[in-house]
Amino acid sequence: RQQVQGGESRARPASAAPPARDTRAPFRFDYERFRRSLRHPVRGGRPGEDPETRARRMKIKEMMKFAWDNYKQYALGKNELRPLTKNGHIGNMFGGLRGATVIDALDTLYIMELEEEFQEAKKWVEKSFDLNVNGEASLFEVNIRYIGGLLAAYYLTGEEVFKSKALELGEKLLPAFNTPTGIPRSLFSPGSGMSWSWGWASAGSSILAEFGTLHLEFLHLSELSGNPVFAEKAMTPPCLSSPLSQVMNIRRVLSRVEKPQGLYPNFLSPVTGSWGHSPLRSCPRHHVSIGGLGDSFYEYLIKSWLMSDKKDSEAKKMYDDALEAIEKHLVKKSAGGLTYIAEWRGGILDHKMGHLACFSGGMIALGAQHAAQDRRQRHMELAAEITSTCHESYARSDTKLGPEAFRFDAGSEAMATRLSERYYILRPEVVESYMYLWRLTHDPKYRHWGWEVVKALEKHCRVEAGFSGIRDVYTTTPTHDNMQQSFFLAETLKYLYLLFCEDDVLSLEDWVFNTEAHPLPINHTDFRA
């Protein structure tokens, strides 16, 4: 989610690790038993829905088909579509891997019942998805987009090609964990097994939102393969033995390191296991953010607990403690009555919220359903207030789309005050919170707000050959950035579609969404044959 941008990425390479020893036990994942365990049909029953809701859902389905058809025509096999110039974009986040939009779109196409398009995507994975590549890849991005997308496609369909590709790719991520602490470096080469830290990260630090956003996918890699090594890298579940006990896994490191004011800074050394500092020269202090660099770490704590069928008590306690510190130190109310989550730099508050932080309304609402009685109402109110603030960031722009960041200082509220923060790149976080708040409250305003986003996307982002981000949300004639992000198909359109579905479509009783909106099943039982 955090979409790190800017700066040179290369730093000291780590030694390449020998291939991981295959410790898989002879077992088979029983897919049919898994499907029978689901409490609701994957695509739901949709009894008695009103015509307007169905029409709006069908409009979002049409938008998805339009986005996919243009990607297929002009950029199939590339990572993203450039809709203005009608060509493909590869980028430098995936280390030679291709087809990010294909993998990201698989489960959305399936859920929307775009059968022909889903088969086109599946055929590309079978015939053209090459994992034997060299380059410098983001561990975080490959995990949430590729592994998350492949795992979700397998659980939804039972097609073995998705499982085998996910497991093969998962093996290629393991050398990044070859550090003294077991905290992975941010970058790795799928071909050579080398790993690096971001060059701009303080003293070779790893980033909280990157190494803290692995639990969901890695647990399912162990579940499907029988190889505990994946789960052990992220945590040590009580049901697994630990042949790699010499590796200090991520949770163990985080439990030992002192948290300033109970907060988690965004930078941690994979060598020493101690916090790094913000790399900004003007502010050499710990940086804490619920937006970029920190965001999905918190999301994965509460979702790890839910995915474990509420057995992972360690994750739940870490989430509860972190949210308590966030409430105490970061949650603020503006002069105009808007609730927001500020950023913290060594005790000094920066009164801004990034678009990325707007996922937190949905996260807090989801966690509130399982909070202690004295916290539940307070957290639901907090979730609704944050989501309302993020809606205001959209409503106060000329395009009715939100900026990359908005501030609460110098007399401005919920608006970008810097030219560099006025852009919108088809991000999903605001509609993600609308979807969760709708499902948990059924307040019709969330569907109303979601439909406003649909209309704004159609008016300002739809171009001849796809959808494009815009450079300034505060002008009625914005210029386009010529990029149809893969997460637009994976997240933005999926969350909008689910907002206008009945609650049993990808029911929250059966599924959790990874931070790229790929649905992964809750482990209600053991599915090993």
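Predicted model: local features only at pLDDT ≥ 70, side-chain atom pairs only at ≥ 80, totals over all residues.
Residues are numbered from 1 along each chain as its sequence is written, and side-chain values use heavy atoms, leaving out hydrogens and water.

**View 1. Thr-515 sits in the loop between β17 (511-513) and β18 (519-521).** Strands (E, at least two residues) and helices (H or I, at least four) are DSSP runs numbered from the N terminus. Thr-515 is buried, with a relative accessible area of 0%; buried means under 20%, exposed over 50% and partly exposed in between (1.4 Å probe, protein chains only). Its side chain joins that of Glu-299 through a polar contact of 2.9 Å. Such a contact is a pair of N or O atoms within 3.5 Å; within protein, one must be able to donate a hydrogen and the other to accept it, and residues adjacent in sequence count only if both atoms are side-chain atoms.

**View 2. Glu-141 and Asp-295 are among the residues that UniProt lists for "active site" (unreviewed entry).** Glu-141 is found in helix α5 and is buried, at 2% relative accessible area. Asp-295 belongs to helix α11 and is buried too, at 0%. Glu-404 and Glu-429 are also on the UniProt list.

**View 3. Asp-312 lies in the loop between α11 (295-307) and α12 (313-329).** Here the side chains of Asp-312 and Arg-251 make a polar contact of 2.8 Å. Asp-312 is buried, with a relative accessible area of 10%.

**View 4. Leu-457 is one of the residues with the most contacts inside the largest nonpolar core, which has 160 residues.** A nonpolar core is a set of buried Ala, Val, Leu, Ile, Met, Phe, Trp, Tyr and Cys residues joined through side-chain atoms within 4.5 Å. Helix α5 (residues 139-157) gives the most to this core, with twelve residues. Leu-457 touches (heavy atoms within 4.5 Å) residues including Leu-401, Phe-488, Thr-492 and Leu-496, not counting those up to four places away in sequence.

**View 5. Helix α17 (residues 486-499) has a kink of about 25°, centred on Leu-493.** The bend at a residue is the angle between axes fitted to the seven residues ending there and the seven starting there. Because 14 of its 14 residues are buried, α17 is largely enclosed by the rest of the structure.

Methods: Expected span 1.5 Å × (residues − 1). UniProt positions renumbered as here; feature names shortened; annotations may be inferred.
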